Amino acid sequence: MMRPAVVTVLLLSAVASWNNYFLPLAMLSDNRLFPVTVGLGLWQGIASANNAGSTSLWSLIILGALVSVVPLVIAFFSLQRHWRGGSSVGGLR
C-alpha cells in the first residue's frame, strides 16, 4: 500500500532535482558543467540579445527543451503502473 506514495515522492524529488536552476547557476563556474536547464537559459539570453537571434539558435533551444523533457516523460510512463496498482489495491479494502 505504500508503493504509490513512495513512487510519488521519488518522482517529485527527481523532477525537482532535474529542474533545479539556481543552485547549479550559483555553484558552478565552468560552463561545460551546467545542466540542461541552465544551458538552455543561457542560450535563450544569447538569442534575445541578438535582436531576435538567428533562426537556428531558436530551433536549437526548442529542440533542447524537448530533449530535456523526454527523461521525465519516460520516468512518469514507466512508473505509472505503480500508481494504478496502488489505487486498485486501496479500493479493495
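A residue is called buried when its relative accessible area is under 20%, exposed when it is over 50%, and partly exposed in between (1.4 Å probe, protein chains only). By that criterion, P4, V7 and L11 are buried in helix α1. The model is predicted, with local features requiring pLDDT of at least 70 and side-chain atom pairs counting only at pLDDT 80 or more. Residues are numbered from 1 along each chain as its sequence is written.

**Helix α1**
- Helices are DSSP runs (H or I, at least four residues), numbered from the N terminus.
- Spanning residues 3-18, α1 has 16 residues and reaches 22 Å from its first C-alpha to its last, close to the 22 Å expected at 1.5 Å a residue; the expected span is 1.5 Å times one less than the number of residues.
- In α1, the buried residues are P4, V7 and L11; they lie on the same side of the helix because they cover an arc of only 65° around the axis, the arc being that of the directions from the axis to the C-beta atoms.
- The face of α1 turned away from the buried side carries the exposed residues V6, V9, L12 and S17.

**Helix α3**
- T37 lies in α3 and is buried, with a relative accessible area of 18%.
- The T37 side chain reaches the backbone oxygen of N20 at 3.5 Å.
- I46 is also placed in α3; I46 is partly exposed, at a relative accessible area of 45%.

Methods:
Side-chain values use heavy atoms; hydrogens and water are left out. Helices (H or I, at least four residues) and strands (E, at least two) are DSSP runs, numbered from the N terminus. A polar contact is a pair of N or O atoms within 3.5 Å; within protein, one must be able to donate a hydrogen and the other to accept it, and residues adjacent in sequence count only if both atoms are side-chain atoms.
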